[in-house]
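Q: Could you walk me through the fold in this one, starting with whatever I need to know about the terms?

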Amino acid sequence: MARRLDPHETALWKKVAATVEPIVKRPAPPEPVAPPTVRPPKATPRSASAPAAAPAAARLPPPRRTWSGATLDGHWDRRLRKGLVRPEMTIDLHGHSLASAQALLDEAIGRALMRGARVLLVVAGRLRPGADRLPLMHGDPRPRGAIRASLPDWLSVSPYADRIVALRPAHISHGGGGAVYVILRRPREE
């Protein structure tokens, strides 16, 4: 059974209730409507006095490609993990600046493709934990592992990006965490 308020409590409650503003119900937001489909205008023949067309829009860079999820034959992956695949070429990027390391990497991939190599071992040094997530500030020294952290980005914008099949960590006998295998597409026999 609920207790009744005494006259003093009732007066106090009326004062509090008088200061409260009622909640105004707002109308529900309208449901999103699909945008109307726009048909391109019909092409009209150009006359000699028609103004020149606007310059072509700037091309967007190709979408960034990631090779960590690229699938290889299960046999290949097992052999790479066990260190049974022997790289046909090796490149060491220690001691290079970021710009010279990227140029050297592109040059090495080009040479490997000319030789018909399938596996290129890139020795870049160990990646410091979190180095791939740290922004570089102007004037800050280059963080340890900067070349290793930049490899996926460099390979995605490489002129040979379409010829790269996968990127895998190297076996301990080939450098472990300080190196990666770049798996190249087999040249097509014509």
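A: Contact here means heavy atoms within 4.5 Å, and helices (H or I, at least four residues) and strands (E, at least two) are DSSP runs numbered from the N terminus. This is a predicted model, in which local features need pLDDT of at least 70 and side-chain atom pairs count only at pLDDT 80 or more, while totals for chains, interfaces and linings use all residues. Residues are numbered from 1 along each chain as its sequence is written, and side-chain values use heavy atoms, with hydrogens and water left out.

Q: OK, what do the buried residues of α3 pack against?
A: They pack against the strands β1 (89-92), β2 (119-123), β3 (164-169) and β4 (179-184), and also against α4 (146-156).

Q: And which residues of α3 are buried?
A: With buried meaning under 20% relative accessible area (1.4 Å probe, protein chains only), they are Ala101, Leu105, Asp106, Ala108, Ile109, Gly110, Ala112 and Leu113.

Q: What comes just after α3?
A: Gly116 follows, with a positive phi of about 80 degrees.

Q: Switching to the sheet, what is the strand order?
A: It is an open sheet of four strands in the order β1-β2-β4-β3, with mixed pairing, where two strands pair if DSSP finds at least two bridges between them. β1 and β3 stand at the edges with a single partner strand each, so one side of each is left without a neighbour in the sheet.

Q: How do β1 and β2 pair?
A: They pair in the parallel sense over four bridges, and Thr90 stands opposite Leu121 in β2.

Notes
Buried < 20%, exposed > 50% of the residue type's maximum accessible area, 1.4 Å probe, protein only.
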